[in-house]
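New notebook page, new structure.

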Amino acid sequence: MKTCRHAQRTMNFYAGPSTLPLSVLEELAETIVDYHGSGLSLIETSHRSPMYDRVHNRAIDLVRELLGVPRSYHVLFLGGGATLQFSMVPMNLIPPGGGCDFVLSGTWAEKAMEDAEKIGNVRVVFDGRADGYVTLPRDVRTSEGSCYLHITSNETINGVQWKRFPATADVPVVADMSSDIMSRRFDAEAFGVIYAGAQKNLGAAGVTVVIIRDDLVESKRPGLTAYLRYATHAEKSSLYNTPPVFSVYTLCLVLEWVRSQGGVEEIERMNKKKSAAVYDAIDAGCGFYSSPVDRDVRSTMNVVFRLPTEEMERRFVAEAEAAGMIGLKGHRSVGGCRASLYNALPEEWADALADFMGDFLRRNG
Ligand SMILES: *Cc1c(COP(=O)(O)O)cnc(C)c1O
């Protein structure tokens, strides 16, 4: 096999797994056989070796540094995707007979809630279903005795994103940040638990980042098996069992990349520019393109839009693909189109899409 230089990149707008920084992919390719002259690959060395330990701890430190996570929180690397957190959160935080509050903001919140309902009493404090998930509540009133309030910071399928997180007096907020973690600054201390699968903004599928406040680590439910308890992982610094080594390494490289870009603040600035380019193209279409989402909660990560007919949407997606832009079809459950503009997506790709949208409108509008 020959090594190849990937100068020609397909413009990847998929919602996840999604585009990664080219420099990260190249570094992975370069180091996968021989990790920095060690004569070993990182994926064939012990997860208890000093070689892996450095990567593991560096990744934890970078999550802390980039997101401003204080010492009173644990940063955990778990398996099972964000989906396992749909059950781990209620299993650990809700004692037998207890319950939690849910903001039903979209498809992912719905999935998280379905699992929580199997474990505790769930009260829905906002229900966006009737409107088709296009808006978010201004305020949330949590219920008496609730163990936590669950929110989804960005609804990947519906394109709805919290801009100001709800403040609750004494009920911890748990947030699924799978599709917008590291995309903007936020106050980590406003949350009890944050979880995110890696394959949108953080790297390759396989590792889930969980950030959990000290006082929530001990399980409220007796009898949980070892892997399902946060305490197990917190005590062993996420080395209770073999961590997803390759995904943690990729995560580490992506976080170094975020740092080299100027950190989350700079990433946020770029993300605003990218999404503004595409939303401007939608708004400039005078109704040809339309966003179903309330203007003040439109996602900077997943731009959801419609064209006048489904036939037109099919042509749009096909012609975009012919022009080198893939992944623009909306999720099968909602239809339409969706452009995912995660951290690693270059500004030029967002501009190229906006140009293509203008061109498509001129030809078909
Ligand atoms: C992708 C996604 C998930 C599912 O993540 P897995 O890692 O596949 O389990 C959950 N929540 C949100 C908001 C997502 O975008």
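This is a predicted model: local features need pLDDT of at least 70, side-chain atom pairs count only at pLDDT 80 or more; totals for chains, interfaces and linings use all residues.

Entry 1. I looked up Cys-147 and found it buried, since its relative accessible area is 19% and the cut-off is under 20%.

Entry 2. Which cysteine sulfur is closest to that of Cys-147? I found it in Cys-100, 7.4 Å away, and that is too far for a bond. A disulfide needs the two sulfur atoms within 2.5 Å. I then checked the total, and the count comes to zero disulfides.

Entry 3. Next I turned to Cys-252, which is buried too, with a relative accessible area of 6%. Cys-252 is among the buried residues of helix H6, along with Tyr-249, Leu-253 and Trp-257.

Entry 4. I followed H6 from end to end.

Entry 5. How many of the 16 residues of H6 are buried? I have twelve, so the rest of the structure largely encloses this helix. I looked for what covers those residues, and the list includes helices H1 (22-31), H2 (50-67) and H7 (263-283), plus strands E2 (73-78) and E10 (208-213).

Entry 6. Last, I checked those two strands. E2 and E10 pair in the antiparallel sense, over six bridges. One pairing I wrote down is Leu-78, whose bridge partner in E10 is Thr-208. E2 is itself mostly covered, with five of its six residues buried.

Notes: Residues are numbered from 1 along each chain as its sequence is written. Side-chain values use heavy atoms; hydrogens and water are left out. Buried means under 20% relative accessible area, exposed over 50%, partly exposed in between (1.4 Å probe, protein chains only). Helices (H or I, at least four residues) and strands (E, at least two) are DSSP runs, numbered from the N terminus. Contact means heavy atoms within 4.5 Å. Two strands pair if DSSP finds at least two bridges between them.
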